[in-house]
Amino acid sequence: MASKATESANNAGGSEREETCGCSEAVVEQISSISLKERSETNTDKDPNSSDADPSKESSSKGDDNDDEVALNKAPTSAWTCLEEYKRFSESILWSFMMNFYDKKGVESWSKGIVPYFITSNAHIGRTYAKLLQGFLCDLSKGGGSWVELDRNEKLYIVELGAGAGKFSFFMLKALWELKNVIDFPVQNITYVLTDFTESNVNFWKGHHALKPFVESGQLDFAIFDASNDDHITLINSGVTLSQDNPTENPIFVVANYIFDTLCHDVFHVDAGVLKEGLVAVGTSKEGEPDLRDPDIIETINNKYKYVPTDVDYYADIERNV
């Protein structure tokens, strides 16, 4: 799971932290009403059988760092509205913008070519992942002091984080089925679990004709799961809960295909042996008071970054500082 920093700012470089970029009171009030865990109404009126984002069809889509303030993302413009003062990256409203975008856009994020996906969601990549799993299962089946033994009579779960449109999932499932005679584990006891944080994507998978055969055979299940915040996964079809408190007989295999860059994290920089933290001030090139819940606001984002000295004991949880 990705961890979020919640501690107060370190005293080092404190004067630099206090620098402001001039957020208006109206914008600050909007931000205070938005939390990272907020979920807006999901879009459930899309046709799940639309050819757009069909997982069974392949398609393609198309700074100066001197420890001072750096503007990125877009060329400097005369119009720059501050949306949020300098903050730790993990505490930035950027994460809320991102999650709101995926929640509102749903599978259109990929079918409309907004988010590139072909390089990570094609038949070749699906077969490659399936062969990796096949090789690992083969190594485990040989025993000889292996760190874990598989129970061939129990379920083996493959959990994909942030499955999006489900295209990669389809190709990996298809490849696993084609390898059923050479995999050292009964394919009928393998359940692939597609997860995402937004219900709109899950509804799309549930209604898609290309995934239906895998659901009917028991090889595919779904779950709503926020990889940054949730600590258990409840499968929609079977009702099984996967968690530390409810361990499975076999290890759970996790597929993280193009997901880590969307998990909440902090930014650090080492300069001449000095540890510095990255702070971000969120701004927009759009004039006027923007609607922060509008998913298209990301098209106007123009941020500023700076690095300030910090201490190696950055997090209250000392294990995160190792």
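**Exercise 1. Work out whether Ala256 counts as buried, partly exposed or exposed in this predicted model.**

Start with the accessibility: Ala256 has a relative value of 25%. Buried would need a value under 20%, and exposed one over 50%. Ala256 therefore counts as partly exposed.

Ala256 sits in the loop that runs between β8 (253–255) and β9 (268–271).

Val159 is 97 residues away from Ala256 in sequence, yet their C-alpha atoms are 8.6 Å apart in space.

**Exercise 2. Tyr258 and Ala272 each have a positive phi. Find the angle, the loop and the exposure class of each residue.**

Take Tyr258 to begin with. Its phi is about 65°, although the residue is not a glycine. Tyr258 belongs to the loop between β8 and β9. With a relative accessible area of 42%, Tyr258 is partly exposed.

Now turn to Ala272. Here phi is about 55°, and again the residue is not a glycine. Ala272 lies in the loop between β9 and β10 (274–284). The cut-off for exposed is over 50%, so Ala272, at 79% relative accessibility, counts as exposed.

**Exercise 3. Describe how helix α5 and helix α6 meet: what is the crossing angle, what is the handedness, and which residues take part?**

Step one is geometry. The axes of α5 (residues 123–141) and α6 (residues 167–178) come within 8 Å and cross at roughly 50°. That makes α5 oblique to α6.

Step two is the sense of the crossing: α5 passes α6 in a right-handed manner.

Step three is the list of residues in contact:

- From α5: Ala123, Ile125, Gly126, Arg127, Tyr129, Ala130 and Leu133.
- From α6: Phe168, Phe171, Met172, Ala175 and Leu176.

The contact divides into 10 nonpolar residues, 1 polar and 1 charged.

**Exercise 4. Two residues, Ile183 and Asn189, are found in the loop between α6 and β4 (190–196). Decide whether each is buried or exposed, and identify its contacts beyond four places in sequence.**

Begin with Ile183. Its relative accessibility is 7%, so Ile183 counts as buried. Leaving out residues up to four places away in sequence, Ile183 touches Gln134, Leu137 and Leu176.

Leaving aside neighbours within four places in sequence, Asn189 is in contact with Arg152, Asn153, Glu154, Lys155 and Leu156. One of these, Asn153, is 36 residues from Asn189 in sequence and 7.4 Å from it, C-alpha to C-alpha.

**Exercise 5. Step back to the whole chain: how many helices and strands are there, what share of the residues is buried, and what is the accessible surface?**

Count the elements to start: the chain has 8 helices and 11 strands.

Go on to burial. Of the chain's 322 residues, 45% count as buried.

Finish with the surface. The accessible surface of the chain comes to about 16,700 Å², and carbon and sulfur atoms account for 49% of that area.

Terms used:
Residues are numbered from 1 along each chain as its sequence is written. This is a predicted model: local features need pLDDT of at least 70, side-chain atom pairs count only at pLDDT 80 or more; totals for chains, interfaces and linings use all residues. Side-chain values use heavy atoms; hydrogens and water are left out. Axes are lines fitted to C-alpha atoms, for helices over the stretch in contact, and angles run from 0 to 180 degrees between N-to-C directions. Helices (H or I, at least four residues) and strands (E, at least two) are DSSP runs, numbered from the N terminus. Angles under 35 degrees count as roughly parallel, over 145 as roughly antiparallel, 65 to 115 as roughly perpendicular and the rest as oblique. A crossing is left-handed if the near helix is turned anticlockwise from the far one by less than a right angle, and right-handed if clockwise. Contact means heavy atoms within 4.5 Å. Ala, Val, Leu, Ile, Met, Phe, Trp, Tyr, Cys and Pro count as nonpolar, Asp, Glu, Lys and Arg as charged, and the others, Gly among them, as polar. Buried means under 20% relative accessible area, exposed over 50%, partly exposed in between (1.4 Å probe, protein chains only). Accessible areas come from the Shrake-Rupley method with a 1.4 Å probe; for residues, only the protein chains shown count as cover.
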